[in-house]
Amino acid sequence: MAIPSMTAEDRLAKIDVRLPDAPTPFGAYVPAVQTGNLLFLSGMLATSGHAATVVGVVGQNLDVNDGRRAANVAALNVLALAKKELGSLNRVSRVVRLGVYVAATPAFSEHPKVADAASELLRDVLGEETVSSRLVFGVASLPLGSPVELEVILEVKA
Amino acid sequence: MAIPSMTAEDRLAKIDVRLPDAPTPFGAYVPAVQTGNLLFLSGMLATSGHAATVVGVVGQNLDVNDGRRAANVAALNVLALAKKELGSLNRVSRVVRLGVYVAATPAFSEHPKVADAASELLRDVLGEETVSSRLVFGVASLPLGSPVELEVILEVKA
Amino acid sequence: MAIPSMTAEDRLAKIDVRLPDAPTPFGAYVPAVQTGNLLFLSGMLATSGHAATVVGVVGQNLDVNDGRRAANVAALNVLALAKKELGSLNRVSRVVRLGVYVAATPAFSEHPKVADAASELLRDVLGEETVSSRLVFGVASLPLGSPVELEVILEVKA
């Protein structure tokens with residue numbers, strides 16, 4: 001049960017999740033760009049350092065639960081990057097957009113179940129009042145062979 | 001021919017389109033998020049309730065006209081959701097971005113024809129002066145097997 | 001080596017790149033929409049006029065270098081369109097988001113190398129201080145058979 005008076009940093013400590021190091025770019029881009037009070041994060045993959053934690057396509061060599069685990073890893077990278085950029089996750093006022101792109105076969109149709117693993121972690125840490133709009137689809141392939149990539153636009157407090 | 005003095009709600013009545021019930025989420029997200037004067041809608045599919053009105057891949061079991069019908073259904077869902085969120089479609093000042101994602105084969109190349117079915121409905125209801133920038137591509141698969149998903153960012157009047 | 005005191009238009013002249021005519025829509029949309037100080041460009045393909053300069057799928061009939069050449073052509077279209085919309089590239093203060101969508105096989109994993117060709121051209125012309133956040137994935141197929149499509153959101157000076 002969410003306790004409204006808790007902050008995102010309180011919740012992060014409470015659910016005892018250890019954030020990874022924030023991912024660094026592997027190309028000619030930056031991790032995030034802020035314009036006004038919107039912070040656009042670069043695409044976050046299921047990676048540790050510059051390696052994928054799992055490789056494959058959901059509906060082919062991976063199933064829904066594999067996809068959910070990858071979405072969870074990518075969402076941890078989102079939190080790590082947001083914390084690094086903002087100093088504190090308490091500065092996130094809203095997840096404006098969450099895009100969940102799943103490397104999937106043409107016959108796959110359960111993308112929302114994979115996406116929910118990312119949505120649930122972000123909600124459990126950042127709070128119910130920050131819950132995002134969402135865009136989910138199946139792509140042909142992703143960088144490094146990651147089965148999931150997340151697009152995140154955050155609204156931040158000054 | 002568009003009559004500039006008509007409002008979006010006038011045009012909706014005139015072309016005698018009955019809007020469906022606004023789609024509700026099937027996952028841990030919300031239908032739309034407003035930040036400043038931008039309203040980000042969650043991805044809209046060719047659905048009625050939580051079921052796809054048509055299932056398949058354009059260029060495989062579906063052709064361009066099937067794709068256009070699906071894009072029209074998804075665009076009706078966009079209008080229904082925008083009306084529910086804003087109270088009136090007259091509050092839409094601009095469609096900033098329309099993304100049209102078509103479940104398509106690698107050989108398919110007529111995505112713009114499919115996308116135009118969504119663009120045309122939005123233009124006919126919301127007005128020429130609201131016409132969007134657009135992003136269109138073919139994806140591997142979509143939630144529920146829908147052949148089309150729409151991403152919409154609206155600029156809204158206070 | 002970047003000379004900070006040079007403007008984007010200076011750099012464009014110096015690297016002696018001739019911009020193509022800005023792409024025009026082939027459907028019911030507009031080339032770009034500005035809201036506040038954000039300019040959303042429609043998806044830019046590897047096209048000259050309304051024809052693709054190269055057709056295919058990376059990892060199938062095209063390799064990474066073919067993809068890079070296509071990304072470079074699409075990025076030139078981005079610059080041409082931005083210049084047409086804004087009057088001068090000196091008005092670009094930031095590339096907020098660069099999306100690079102590569103028509104690719106399920107087994108392809110080197111999307112960042114393709115994407116860097118677009119990122120590098122934008123950086124070399126618009127300047128290090130404008131470098132974008134980035135989103136990259138492999139799609140099933142693209143309009144006209146183009147192997148690359150670019151999504152660009154610019155922050156512009158008044």
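This is a predicted model: local features need pLDDT of at least 70, side-chain atom pairs count only at pLDDT 80 or more; totals for chains, interfaces and linings use all residues.
The size of an interface is often given as the accessible area lost when the parts come together. For chain A and chain B this buried area is about 2,000 Å², with carbon and sulfur atoms giving 61% of the total. On the side of chain A, A:Arg97, A:Arg134 and A:Phe137 together supply 24% of the area buried against chain B, more than any other three residues. In terms of contacts, 29 residues of chain A meet 28 residues of chain B.

Polar contact across the interface of chain A and chain B involves 11 residue pairs, both members being at pLDDT 80 or more. The elements of chain A that give two or more residues to the side touching chain B are β5 (92–103), α3 (111–126), β6 (133–139) and β7 (148–156). The largest share comes from β6(A), with 7 residues. Sorted by class, the side of chain A that touches chain B has 14 nonpolar, 8 polar and 7 charged residues.

Helix α2 of chain A spans residues 64–86, 23 residues in total. From its first C-alpha to its last, α2(A) reaches 32 Å, close to the 33 Å expected at 1.5 Å a residue. At the start of α2(A), a side-chain oxygen of A:Asp63 lies within 3.0 Å of the backbone nitrogen of A:Asn65. The residue that follows α2(A) is A:Gly87, which has a positive phi, near 90 degrees.

Key: Residues are numbered from 1 along each chain as its sequence is written. Chains are lettered from A and ligands numbered from 1 in the order in which they are written. Side-chain values use heavy atoms; hydrogens and water are left out. Contact means heavy atoms within 4.5 Å. Buried area is the accessible area (1.4 Å probe) that two parts lose on being put together, summed over both. A polar contact is a pair of N or O atoms within 3.5 Å; within protein, one must be able to donate a hydrogen and the other to accept it, and residues adjacent in sequence count only if both atoms are side-chain atoms. Helices (H or I, at least four residues) and strands (E, at least two) are DSSP runs, numbered from the N terminus. Ala, Val, Leu, Ile, Met, Phe, Trp, Tyr, Cys and Pro count as nonpolar, Asp, Glu, Lys and Arg as charged, and the others, Gly among them, as polar. The expected span of a helix is 1.5 Å times one less than its number of residues.
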